[in-house]
Amino acid sequence: MIMKKTFYIWILLNVWMLTGIYAANQVGITANAPDAVAVGDQFRLSFTINTQNVRDFRVGEIKDFDVLMGPSRSQQSSTQMINGKVTSSSSITFTYILMANKEGTFTIPAATAQADGKEVASTPFQVKVLPKDEANGIGGVGSGDTQTSRNSGTLNATDLFITSTTSKTTVYEQEAILLTYKIYAAVDLRGFDNVKLPDFKGFQSQEVELPDDRRWELEHYRGRNYRTTIYRQFVLFPQQTGQLEIESARFDASVARATEAIDPFDAFFNRGNTYVEIKKTLTTPKILVTVNPLPSGKPDGYTGGVGDFSISSSLSSNHVKANDAVTLKLDITGVGNLKLIKAPEVKFPDDFEIYDPKVDNQFRITSTGLSGSQTIEYLVIPRNAGNYKIPAVKFSYFDTKSQSYKTLTTEAYELQVDKGDGTSSQTVANYNNKEDLRILNEDIRFIKQNDVTLRPRGGYFFNSLGYWLFYLIPLAIFIIIFIIYRRQIAENANVTKMKNKKANKVALKRMKEAGKLLADGNGDQFYDEVLKALWGYTSDKLNIPSSMLSKDNIEGQLKEHQVSQEVINEFIEILDTCEFARFAPGEEKHQNMDKVYASALDTIGKMENTIKH
Amino acid sequence: MKQHISILFALLFAVTSAFAQTKAQADSAYINKEYAQAIEIYESLLQQGESGEIYYNLGNAYFKQDELGRAILNYERALLLQPGNADVSANLDIARAKTVDKINPNPEVFFVAWTRALINMLPVDTWGAWGIGFFFCTLAALAIYFFTKGVRWRKIGFFAALISLILCIVTNLFAFEQKGKIDHRTDAIVLSPSVTVRSTPSDEGTSLFVIHEGRKVSIKDNSMKEWKEITLEDGKVGWIPVCAIEII
């Protein structure tokens, strides 16, 4: 623990002493001097070699500065042990004290030496010599020294101020502006508190990360030499058009100022000077920025990019199986409002399952905006086999250099999708190979392009004279035919149908007559009547004239009408019985009358049931 | 005489060919998405006469121009001339779905609705043609009845004649119904984006309700020139200025 602490202390010491970056292993010469000094200032120029085995150290002629002293040589060496590991380092520093005597930018020449047997050299560098500080007469601002002023207590506006500057004041919407807050201090600035920055209304702001160790530089500004540093920097993207105002920022600065000591004790303890702390509120002026709207005529595929971009694309594979994922990668690189660009739309085939694109931003903030790349990955899964086309992606942006829209296109891809393996693990919820028809869009059906004939309004065939003629003419023809052939028609209608229908009635009437004769006991007439009834009935029913009927052909005729053999036999037997009885002697006649009557009625009934038309 | 006839034919041919050309022109204008031009040509064609196809195409062109009221009007006219045309009814449904008003028609008894649907399956002349066809069937069946001797054939003839006669009468009734619809057009389409329906035929009348473009109304009282009394599908009644609507 203690070991570690000493290590830190040692490092701090080392850094303090060398005031340079210390390369542990590489042998070399590091030169060190302030970047800017004022005329008449003394300053220290040191060359550090990180080994002690140095011979033949030489520096080129330093002719632009007065060498007040040097080179003075000093050696440092250190050994340290951390957890039993011993490391040691050593170095030699050659120091000159120089004085600037004229304005300008001068070169400190390179130093050379033999270090560890090798020839090493430093790189030459430049020191800027600023004119004398007019306001403060002699001395001016020494680097690292505090400036003392005779009239203590108050602070001039020119002693300490902060400027806010923008890289541009007339920009297009979304074009980046760099806003810089820079401190100019001619006094000993201790720090800021209660910093109130504007809220950048109408802008999207992004702070530029500055290095942690702030470098103070000497700068000649309006006749005075100031120590300056960039306090904070912002990249602003205007989100609205018109006159936008960057409000003033407010800083409460505390400044240490030495006063002449009155109290001898104070003077003794504070090396003759007493420091008082003075508070001062600094405000920066407002800045007006004119934001012009982007010119009209935004092309298709414009997604809000302003700056200078290039685009490239790649497809993970152009030959896959169904249900395998395919990735289309778009790389947008360049400078501009990268963060605010929407992912360009890719028109994948409708059959694809499309997931939300994954956007990966890799950029750093520069004075012209965000510089870097935006990678957009579109993941799609083709669900069905086939050859598909992924059309070229159009990416349009507003080029701030040429002040016009530019459209970039990527290449189009052909994607060949083979049939998937069909294993259930590959498909998502594939319960059935059928899928519902997906309605992509609804639109009206297309026009009809066939030739048409125009008809006058209300002009239609129905109910016209022609229409009714279609009824009247055939009807008239039909009636004429009817009249011509009316006799045949009447015959067809009456002879067949009426006889047929009445056959049963006539037969029953005759049988009734026969029944009366039976009761009277009139044998001859009874048989006569029964015979008439039977012959008449068959004649009417079968539509055969009585003259053409005989016992010989009646059997065949009845069979044709599907009368069963049994009934036919019965019928013929009755006919035989009747004919025989008519010529039989008296007694026998009367014996069979009842039986004949009953069976005749029965047969007619049976025949009526079977012969149907 | 011969010369006359040839001139007449030439004229007829010229007229028909010129007409065909302009319809083709309108169709190609529609395909090239020059809907305004297509509308102009279709409208001028309709000055010469009617055609269901042209009304349909004109409705499509108006639909593409986002003039829903006129699109619906022309679809309705096309449907009047070609009832039962699936394309027309499909587009009419899409156009109606885009209108503002929600339509809640009074429910009809099912057999009335069925009969109406049956009548609307065919246009007037097709029903008329069917009627003539059935009449011929009747005559043929009667001939069979009169001129055959077999009882079976006579029976078939008799009943066929009876059924054909009934069908002939029914189809003629249907045709009359369709004819009545074309002759007495009582339905109208609202063309103003929105119009207030009033209780009396004047602007001072109480505002009853507001209907929007594309709404179908039926005219109840056609006696006044400037105002019409209308009925909505759900039975609401009111007066509407005539400039806001156009009769189908």
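## Strand pairing around S22 of chain A

Strand S22 (residues 302-315) of chain A pairs with S29(A) in the parallel sense, over four bridges. Strands here are DSSP E runs of at least two residues, helices are H or I runs of at least four, and both are numbered from the N terminus. Two strands pair if DSSP finds at least two bridges between them. Within this pairing, A:Gly307 stands opposite A:Asp399 in S29(A).

This is a predicted model: local features need pLDDT of at least 70, side-chain atom pairs count only at pLDDT 80 or more, and totals for chains, interfaces and linings use all residues. Residues are numbered from 1 along each chain as its sequence is written, while chains are lettered from A and ligands numbered from 1 in the order in which they are written.

S22(A) also pairs with strand S24 (residues 326-336) of chain A. That pairing is antiparallel and has nine bridges. A:Ser313 has A:Leu330 as its bridge partner in S24(A).

## A:Ser396 in S29

A:Ser396 lies in strand S29 (residues 394-399) of chain A. Is A:Ser396 buried or exposed? It is buried, with 20 other C-beta atoms within 10 Å. The scale is simple: buried takes 20 or more other C-beta atoms within 10 Å of the residue's own, exposed takes 12 or fewer, and partly exposed falls in between, with C-beta atoms placed from the backbone.

Leaving out residues up to four places away in sequence, A:Ser396 touches A:Pro299, A:Gly301, A:Tyr302, A:Tyr405, A:Lys406 and A:Thr407. Contact means that two C-beta atoms, placed from the backbone, lie within 7 Å. A:Lys298 is 98 residues from A:Ser396 in sequence. In space, the C-alpha atoms of A:Ser396 and A:Lys298 are 8.4 Å apart.

## A three-strand sheet in chain A

Three strands of chain A form an open sheet in the order S23-S31-S28, with mixed pairing. Strand S23 (319-321) and strand S28 (386-390) stand at the edges. Each has a single partner strand, so one side of each is left without a neighbour in the sheet. From one strand to the next, the twist averages 30°.

S28(A) and strand S31 (residues 413-418) of chain A run antiparallel and are joined by five bridges. A:Lys389 has A:Glu414 as its bridge partner in S31(A).

## Chain B: overview and helix packing

Chain B has eight helices and seven strands. Of its 248 residues, 33% count as buried. Among contacts in chain B with a separation of 6 or more, 55% come from residues 24 or more positions apart.

H7(B) and H8(B) pack with their axes 7 Å apart, at an angle of about 165°. Axes are lines fitted to C-alpha atoms, for helices over the stretch in contact, and angles run from 0 to 180 degrees between N-to-C directions. H7(B) and H8(B) are therefore roughly antiparallel to each other; the cut-off for that label is over 145 degrees. Their crossing is left-handed, meaning that the near helix is turned anticlockwise from the far one by less than a right angle. The contact of H7(B) with H8(B) has 21 nonpolar, eight polar and two charged residues. Here Ala, Val, Leu, Ile, Met, Phe, Trp, Tyr, Cys and Pro count as nonpolar, Asp, Glu, Lys and Arg as charged, and the others, Gly among them, as polar.

## Chain B: strands and loops

In a regular strand the side chains alternate between the two faces of the sheet. S2(B) pairs with strand S3 (residues 207-212) of chain B in the antiparallel sense, over five bridges. The bridge partner of B:Thr196 in S3(B) is B:Val210.

Most residues other than glycine have a negative phi. B:Lys33 has a positive phi of about 65°. B:Lys33 lies in the loop between H1 and H2 of chain B and counts as exposed, with 11 C-beta neighbours inside 10 Å. B:Asp66 also has a positive phi, near 65°. B:Asp66 sits in the loop between H3 and helix H4 (68-81) of chain B and is exposed, with 9 other C-beta atoms within 10 Å.

## Where the chains meet

In chain B, 34 residues are in contact with 29 residues of chain A. H7(B) gives the most to the side of chain B that touches chain A, with eight residues. By class, that side has 18 nonpolar, seven polar and nine charged residues.

How values were computed. Angles under 35 degrees count as roughly parallel, over 145 as roughly antiparallel, 65 to 115 as roughly perpendicular and the rest as oblique.
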